[in-house]
Every structure is written in structure tokens, then in C-alpha cells.
Amino acid sequence: MASPGRSRLPDLNQKFVVGAVFVAAMFVNILDITITNVALPAIGKDFGVGPSELGTVAVGYLVSLAVFIPASGWLGDRFGSKRVFLFALAVFTGASALCGLAQTLDQLVLFRILQGVGGGLLTPVGMAMMFRAFPPEERVRASRVLMVPTAIAPALGPVLGGLLVDKASWHWVFYINLPVGAVALVFGALFLKEHREPGVGRFDLPGFLLAGVGFALLMYSLSEGPGKGWGSPLIIGTGIAGPVLLVSMVWYELRAAEPILKLRLFGDRLFASTNTVSLLGSAGFLGLLYVYPLMCQQAFGWSALKTGLLTFPEAFGVMITSQVVSRIYPKVGPRRLMAVGLAGIAAAAAMLSRTDQNTPPAVFVGILFFTGVALAFNMIPMQAAAFAKTKPSDSAAASTLFSTQRQLGSALGVALLSTVIAGVGAFTTTSAGLAAPNLDAYRAAFWTAAGIALVGALVALTVRDEDAAATMRKAEPVEEARPAAEPDAVSA
């Protein structure tokens, strides 16, 4: 029996509740990656370590993410999506506080790994909750909600990170997560409804080990390869061992009765094609956002704050355009919208390749705003269509696969573009024997990002709009006032 206090709580619409807590959690999760990168020089100075040691702060988090993402779907189905989501958010928030309190680099790396445990569970479980709450005909609305943290957090990270490091200390780039995480935890604990999938099988330990270790080794190789050199024995070893384990995982999972990763979902043509578009889009877009601030700070000599301010127009482009895309999606369909969006990202990368330190700031504002416009054209229809034919019982498994490929895509993009910059040479020697920034390296990286995005646009053209027909129907007005709850949902 519910307690008297609990009975007085309003029964809020789960679309609003899930959207609020997931957007808050996703925001701090994505923000944490970009804002931490800005703080690394200050952390290194405080602890007296160089760039090579500092890399472990970022790599530890990424490797931990890669290990726990594959287990997220099973855990959410087995123990309940609300319980697992709030546990992940509590771990992430608590680890953020510990990161801010760290007194040594080893402590910071350990707490970042703990953050990755929470971060690896947050996105797949939260995305499954979103697509259970929103029926297919409202998936565009859900995708529009998901664009808020995806667009704003990467652009806000450099601005907020620069301000906090300059005006306070690097510790605050982690403390900033605490108020958002705490409010989301309390709100979710009070108003989220529990959902468990019936008949969840036993935990697939061999699949988890093959997937977790394989993805971790591959992520380490991709993240550290550009800095340590692709000829490093450690990079070669992890670069070979990771894919070998992942190939073994695919072989095993396709034969397992209860696989931790339901790779059979890729048998659906729409799910497979949209995931491929997402992987290429993440590689191209996040690669562009990686190279742009590097060029501004290392080649142009701009501050992190100025760079962040000239990145932020991307968020405005997304927010404004998402209103347009969500309205034309039912008539146009995902195929052409995704292709146009990725072609736009390629065009933005090409335009950035023509800039230099003498380019007026207004030009950068315009290009980054256009990048946000293109991102909205790609991501909203892609996220809406990806799960169009996914059964509700497979939501967690599909979200896990979707999150895995997107994380892999971002790592691939950054690794590839970093390698291009290193291969061309970020610096050149002047006639006076002095080192000077080499803009050709960044230009080559932008053209590489453009090529990746164009390949994604071609893949988008293979999507059939009729396969996503369920997401192109207009929702009935009555749906707005009716809470979305699964028939087999279990109230907390």
C-alpha cells in the first residue's frame, strides 16, 4: 500500500517526467566531456603532470563508458528502468563530487572511471524510457527534446569551462554537475514510473566480457593512437585485440539464446541504415567540433572563452531549426532530411577549411549557426526513424546498440581527424627556424570530416520513407492529455 505522503503526489504525465530527467542527465553527461577538456591544462599545472599523463583523465572515462554501455539494456529490463537510471545518475553525480575533491591525478582518474560507469548506463536506459513514453507518431517530438542537450552541451562546455577555470578553479568544472544531478534525482525518484520487462533471461556474462573488453580496448586505441603514435606497441596491441574480441562477440551473440547485445535487430533494414547514418554523422559532426576549437586555440591563439562564444551559435541553429524540421518531417520523411543535413555538415566543414585568423568573427558565427541548422536536419529525423519498427520489449536492447555505435562513431571521428592533423603536421618551421602553426593540417582535417559526412548522406539516401511510416503519422490531440504508460509497467 502506498504511504499517505506518496498518495498526495500528482500523477504527472510520463512524457514530461521522462523528458525532464533524461534531458537533465544527458546534458550534464555530454557537458562533462567538453568542459573537462578545457580544464585539462589547469589540472596538469595543479598536479605537476604533462599532457601524456593528462590523457588518462579523458581516456579513463571513455573506456569505462565503453565497458558498461553493453550491459545497460539488460540491467534496465531486469531491475527496472527507473531504478537503474536513478542509480546511474546517482553514481555519475557522486563521482562528479569526488572528481572535484581529488587531490592527486590517480584519484581523479579513478573517479573519472566511476563517472563512466554512471554515464555508460544513463544514455541507453534513458533513451529506452523516452521511446516507451512516446508512441511512434510522437517520436519526432521526442527527438526534438533530445536535441536540447545534444546541441547546447558541446557548445556551452568551452564557454562555461573557460569561465570556471579563469574565475574559480578546475574543481568547479565537476561541481557544476551537482545541482543539476541532485534536482533530477529527486524529481525522478518522486515522479518516474517503474518499468520492467517480463521474462528477462540470465545475464550473458561471456557476451558482456567480449563486448565490454573489446569496446574498451578499441576505444583506448582510438583515443590514444593519435597522441602515442599508431606504431606504439601498446596501440598496435589494443588496436588488434579490440576488433578481434568484437568479431568474436558478434559470432557468439548471433548464436546465443539470450544475448546481451541483440545484434539480430540489425536485420531490420531501417534500424541498420539509420544506425549507420548515425555512426557516420557522429564521426563527421563531432570530429568537426573537435578540430574547430583546436584550430582556434592552437593555430589562431584565441582563448577558450572566445572560442566557446564563437562555437555557441551552433546551439541556436539547432534550437530554431528543430521547430521547422519537426513540422515538415511527416510530409517529407527521414530520407531526404537526413541527406540534406549531412550534406550541410559537409558544406560547413568545407567552409571552415577556408578560414584563418583574419576571418571576421561574424563569418564563424554564421558557419557555426549553419552547422546547427544542418545537425537538426540530420538528427531529428534519424532519431525518430531509428526505432520506428522496434517492438516495445526491444526498446532497451535497441537503445543500447544505438548508444554503442554513436559512442564508437565519435571516437572514430576524433581519432581519424587527429591522425590527419598529426600526419600533415600541426606546426611548420619558418625560414627563421621558428615553429609556426600549420593551417593546412586543420584544413585537411575539415575536408576529411566533410568526406565522412558526405558518405553518411549517401547512406541516408538508402533509407525508405515507407519503413518509417509509423513515425510520420500525426498524433491525435487526445494523446497530449493522457499519460503514456506501458501495459506491463510496474508502478514504483
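Eight salt bridges were counted, a salt bridge being a side-chain nitrogen of Lys or Arg within 4 Å of a carboxyl oxygen of Asp or Glu. The model is predicted: local features need pLDDT of at least 70, side-chain atom pairs count only at pLDDT 80 or more, and totals for chains, interfaces and linings use all residues. Residues are numbered from 1 along each chain as its sequence is written, and side-chain values use heavy atoms, leaving out hydrogens and water.

Arg 112 and Asp 32 form a salt bridge, 2.4 Å from N to O. The pair links distant parts of the chain, 80 residues apart: Arg 112 lies in helix α5 (residues 105–133) and Asp 32 in helix α2 (residues 14–47). Helices are DSSP runs of H or I, at least four residues, and strands are runs of E, at least two, numbered from the N terminus. Arg 112 is buried at 2% relative accessible area. Asp 32 is buried too, at 0%. Buried means under 20% relative accessible area, exposed over 50%, and partly exposed in between (1.4 Å probe, protein chains only).

Asp 268 pairs with Lys 389 in a salt bridge, with the closest N and O atoms 3.7 Å apart. These residues are 121 apart in the chain, and both lie in loops. Asp 268 is buried at 18%, whereas Lys 389 is partly exposed at 48%.

Arg 443 and Asp 440 meet at 3.6 Å, N to O. They are three residues apart in helix α17 (residues 439–460), so about one helical turn separates them. A network of salt bridges links Asp 77, Arg 132 and Glu 197.
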